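Subject: Structure handover

Hi,

Here is the structure I promised. Please load it first, then read my notes below.

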Amino acid sequence: MIRSMTAFVRLDVKNEWGHAVWEIRSLNQRYLEICVFLPEIFQNLEPFIRDRLRARLTRGKVECKLYFKLNINNKQNEFTLNMKLTKKIINIVNRIKKYADIGNINPLDILRWPGIIVTQTENLDVISSHLLTKLECALDNLIDNRENEGKKLKALIEKRLHSVYQEIKKIRLWMPEILKLQKKRLLNKLKEAEIQIDDNRLAQEIIILAQRIDIDEELDRIEAHVIETCNILNKHKIVGRRLDFIMQEFNREVNTLAGKSINYAVTNSAIELKVLVEQMREQIQNIE
């Protein structure tokens, strides 16, 4: 299944102990880069969270954030007050008030400060377990979003592959006429220069001309790349890097084709192929 690297998910977690929110955002990146942002009381969960993200994602810049608000009115939540930190905050607020002479201390605002409320270890373990379970749900949703976006990317790439194939067909149809025109042009130049050559020499010159403008090999390779790209898109694997590589091969063959072109129509088709390959490459940058 093709997956995009661009997705976002937000999952609310509500319980008697309070309210939490998981947010996971992923963007395109050559490798997997993980950034985790947690409240202070859940810092010990970071290694577990990173392990889960690595186990389920292979590419992309992933930001995972946890927002947490404890329900202090719930009797089941046993907690204590960090008096040392509380006194420091009150002293700082009083000093600011002394110089600025504005506002009063709101106890609820102090309670919201990170680290003021210390939850009992037993209760915190239960909350942590619940949050990690919900993280798996958030990851499920993120992967679903990435796969849905991947379907759209796949359809766009397949459409452009079809256009590439149509351009190749047009060029193949033109080639016999192009060779005939080049042969006629060669004969006219010899005639204008009043150069007489025997039939064997003329045949050799025509063969050399045909070899110089022969692009069958390039067309065959581009067609092979079209088939291979379609095969890759239908594999149930992580294929982003393989697609990156094949786009480089596409680009190389199209550049060679453009360099050999001696006909206006073929040149236009080569330019169109370049545009199509670049459009595919841009879409593939978002594929995991």
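A polar contact is a pair of N or O atoms within 3.5 Å; within protein, one must be able to donate a hydrogen and the other to accept it. Keep in mind that this is a predicted model.

Arg-3 first. Arg-3 sits in the segment before strand 1 (7-15). A polar atom of the Arg-3 side chain lies 3.5 Å from the backbone oxygen of Arg-56. Arg-3 counts as buried because its relative accessibility is 17%, and buried means under 20%. Not counting residues up to four places away in sequence, Arg-3 touches Arg-56, Ile-143, Arg-146, Glu-147, Gly-150, Ile-238, Asn-286, Ile-287 and Glu-288.

Next, the aromatics. There are two aromatic pairs in the structure. Trp-17 and Phe-68 have ring centres 5.7 Å apart and planes at 25 degrees, so this pair is stacked. Trp-17 is in the loop between strand 1 and strand 2 (18-27), and Phe-68 is in strand 4 (residues 60-70), 51 residues apart. Phe-42 and Phe-68 pair edge-to-face, at 4.9 Å centre to centre and 80 degrees between the planes. Phe-42 lies in the loop between strand 3 (32-37) and helix 1 (46-56), so its pair with Phe-68 in strand 4 ties together parts 26 residues apart in sequence. Ring pairs link Trp-17, Phe-42 and Phe-68 into a cluster. Trp-17 is buried at 6% relative accessibility, and Phe-42 is buried at 0%.

Last, a pocket. The second largest pocket holds about 160 Å³ of space. Its lining consists of Met-5, Gln-29, Arg-30, Arg-59, Arg-241, Asp-244, Gln-248 and Gln-285. Those residues divide into four charged, three polar and one nonpolar.

Best wishes

Key: Residues numbered from 1 in each chain as written. Predicted model: local features only at pLDDT ≥ 70, side-chain atom pairs only at ≥ 80, totals over all residues. Heavy atoms only, no water. 1 Å grid on protein atoms, 1.4 Å probe; cavity = no way out; pocket = protein on both sides within 12 Å on 5 of 7 lines; lining within 4 Å. Points joined across faces, edges and corners; volume = space filled by probe spheres on them. Nonpolar A, V, L, I, M, F, W, Y, C, P; charged D, E, K, R; others polar. Helix = DSSP H or I, 4+ residues; strand = E, 2+ residues; numbered from the N terminus. Buried < 20%, exposed > 50% of the residue type's maximum accessible area, 1.4 Å probe, protein only. Contact = heavy atoms within 4.5 Å. Phe/Tyr/Trp six-rings, centres within 6.5 Å; stacked < 30°, edge-to-face > 60°.
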